[in-house]
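Have a go at each task before you read its solution.

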Amino acid sequence: MRTAMNNFNPRSIFVTFLIAAALFSSPAFLPAQEMSDPRSAAASAADAPVRPPKIALVLSGGSAFGIAHVGVIKILEASGIPIDMVLGTSMGSIVGGLYAAGYSPEEMEEIVTTQDWQTVFMDRKNSPRDGYDQEKRRRFALALGFDKDGIRLGEGLLEGQNVLSLFTELTLHLLGTRNFDDFPVPYRSVAAEVLTGDKVVFSSGSLAEAMRASMSIPAVFKPYTVEGKRLIDGGIVDNMPVDIARKMGADIVIAVESRGALPKSEAVLKSAFAIAGQTAGLFIEQNMKPSRSGADILIVPDLSGYTTASYDEAVGIVERGTLGAIARLMDIEKLAEKISQSRPLVSPESQANRKARRDPPPLSSFVVEGGSENDKLFVLGLFDPMAGQKADPVRIRAAIDAAYSSGRFDLVKFDIKPEADGGFSGLVRLIPDTSAENAILLGVDYRGLYGSSVSSRMSVSPGIIFRDLTTKDSALFAEASLVNSARAYVEFFQPFGPFHVRPWAKYLLEYDSYDIDDTSFEVDLVYRTMGAGIWTGLSVGRYFDLLAGYGFERVKPGSTVSENLSEAKVLLDFDSRDRLVFTRRGGSALLLGRWASSAIGSEMEMARAEFEGSLHFDLGTILNIGVKAFAGTDFYGLVDGAETVDTSYYFGLRRPGMFYGYKEHSERAEGDHAAALSLTLRARLGRLINLLGGDYYAFFNSSLGAVRVAEGTEIDFFPLRMSYALGLGARISDNLGILGALCLNYDQGASNPLAGAFTVEFGSFSSRLETRR
């Protein structure tokens, strides 16, 4: 019961400000004497003896805006201008690093436009602890880590393992070259030391780490440690390092500034986020001024309509970069003509950077640093089979990801170490897991349906997770719920390798919806239970769980007398969805079987089976399709000897993502047997918050289903029930959303076949296994 999602965290309310400040820059951290005067450097170059000019390409920070650099490089190469050195900050360091590693603009375009950026920016582990965390936290909007010292907000939402793994894979062939001046096209990237604010310029070491450190966006990524220095995004100190290019001996500097425009009117500064963004923008202006004036050509693509989070729109951003360079084409051609007088122009395929593309070296052995002896043996077992072979980027990345997914480490770094005999070995550095062990959780779910009658259901659910109470990865989970239901649930999770046991206890008191019409207002008790039990399970990979369990409960369905329910359960659960709220991609499948019999001490006799599945995929960058299916039966009337169940255990058509216009317990939409299918077409209209924030959507849902009550013929599989919904929604986080929809229901057998309704939902848009009747 795990999923591929992360939780909303209160730190995210600061992300917009901190991202803007990190991606772009502030000169406040730079001592004035460290800033070189590019015009003086240019004058000195003019006085020097005539020689072929050195041309530097300098790329600014800007998060997704920086993808435009790729389009600019296309035009520069087409003009024949040779590029002798490349420098960058943040996203500029990534594009610049790839160029230094030998990639052509066309290859870089392929990388940025086909990359699954959401996966790149989401670190996920596969340990029993992390799988359990994902399962429990996915329904809660808020999670606060804590330990013995109090609340821990942490240093950042992400370690950035997927980012580092990607850079390692793409630059593996150059990791053995330690001095960046030894690249065919020398390279520099800029980071900032978090304690002092000092500028750190990478001129040697690991190219992958130089790229990664330069884009350590505060509050999003934890500071990145290199040689004992804790580093954050280089945009803090030098967002477009023209000054460094001059110090490297550049005679001509072509600078590319890819970022969003500042607001032109105070009318738009009406929120805390807008003010924070404007504050960061003012820092940017101060930082960029000397760099702009120090460049020989400044190219500024028009990136209006995009945001710092528009990674999925990379195709359009690259095109904007191309158009931005074309807008300066006359100046570019004049510069090319000037350069041609002292050195030949070059074709794109003859650019010096292409010489960097070569096969990775063979690795004679692997060394593991950090972690315990058991950790080292485990990781060495992943890498040792590749010893003595040419380094394979795909296999190296797979081994890195396997080590990280184990959940033992915060970060797994890989590097290539030159040996004294001229050969190379692989070096794996393990950074111990220091994440907060415990968590305070809070979930809020609401659904209101307004039509011929009005109904509403709401729950406020605080929860808590305590970690490592018995052994590493063990956990105690507890939650409560109030308002339309009173619920208490406690569970202990004890792993044994891939296996685990979960003893549990619960109390549930559930009320029906508030029903309002012209004459009545009712609140009905519909279900109450208390009991305990145990699950035993096996986790297979990242997404699949197999569980078997037993439970004993004292149940009171509606107005009937209380009875003992003793049942055995089997659960198969697969969940690869990227998030619960407005899922973009992935699928889920849940198969639950339950059997209660006097043979195991139950006063209630029943056998139930239900299946629920979904599949989601994108159609381009805007449209998304989701398909959901459900089927449930108690076997009554289908299998000899099967007993019908109390109406409290009927299967209903109203489920998350289908039949939006129906109540949860609608008389004509539940029975002994039920089946439903829904199709959702969704269009993303825009972003709520830059980078890792949210989106807002328009959607259309069509649901088709059937129910059958085994006793009586007034409700049968036919005619089919249908429901249509057209609405708007917003994803606030992966586990929190809101939607409103106009609904039209059709039930041919009802006295009024057509019925309209309006629904409002807020929460995780999901059901809970713990609260299933």
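**Exercise 1.** Which residues do ring pairs link into a cluster?

Solution. Keep in mind that this is a predicted model. Go from ring to ring, and you collect Phe582, Tyr660, Tyr697, Phe699 and Phe765 as one cluster. Next, check for a charge: Arg682 lies over the face of Tyr697, 4.7 Å from the ring centre.

**Exercise 2.** Classify the pair formed by Phe121 and Phe221, and work out what it ties together.

Solution. Start with the general idea: two numbers describe a pair of aromatic rings, the distance of the centres and the angle of the planes. The count here comes to 22 aromatic pairs. For Phe121 and Phe221, the centres are 6.2 Å apart and the planes make an angle of 55°. Planes under 30 degrees apart would be stacked and those over 60 edge-to-face, so this pair is tilted. Now place the residues: Phe121 is in the loop between α6 (117-120) and α7 (128-137), while Phe221 is in strand β8 (residues 219-221), so the pair ties together parts 100 residues apart in sequence. Both Phe121 and Phe221 are buried. Finally, the charged end of Arg212 sits over the ring of Phe221, 4.9 Å from its centre.

**Exercise 3.** Is Ser461 buried or exposed, and what does its side chain make a polar contact with?

Solution. First find Ser461 in strand β19 (residues 454-467). Its relative accessible area is 0%, so Ser461 is buried. Then look at the side chain, which makes a polar contact with the side chain of Ser481 at 3.4 Å.

Technical notes: Residues numbered from 1 in each chain as written. Predicted model: local features only at pLDDT ≥ 70, side-chain atom pairs only at ≥ 80, totals over all residues. Heavy atoms only, no water. Phe/Tyr/Trp six-rings, centres within 6.5 Å; stacked < 30°, edge-to-face > 60°. Helix = DSSP H or I, 4+ residues; strand = E, 2+ residues; numbered from the N terminus. Buried < 20%, exposed > 50% of the residue type's maximum accessible area, 1.4 Å probe, protein only. Lys NZ or Arg CZ within 6 Å of the ring centre and 35° of its normal. Polar contact = N/O pair within 3.5 Å; in protein donor to acceptor, adjacent residues only side chain to side chain.
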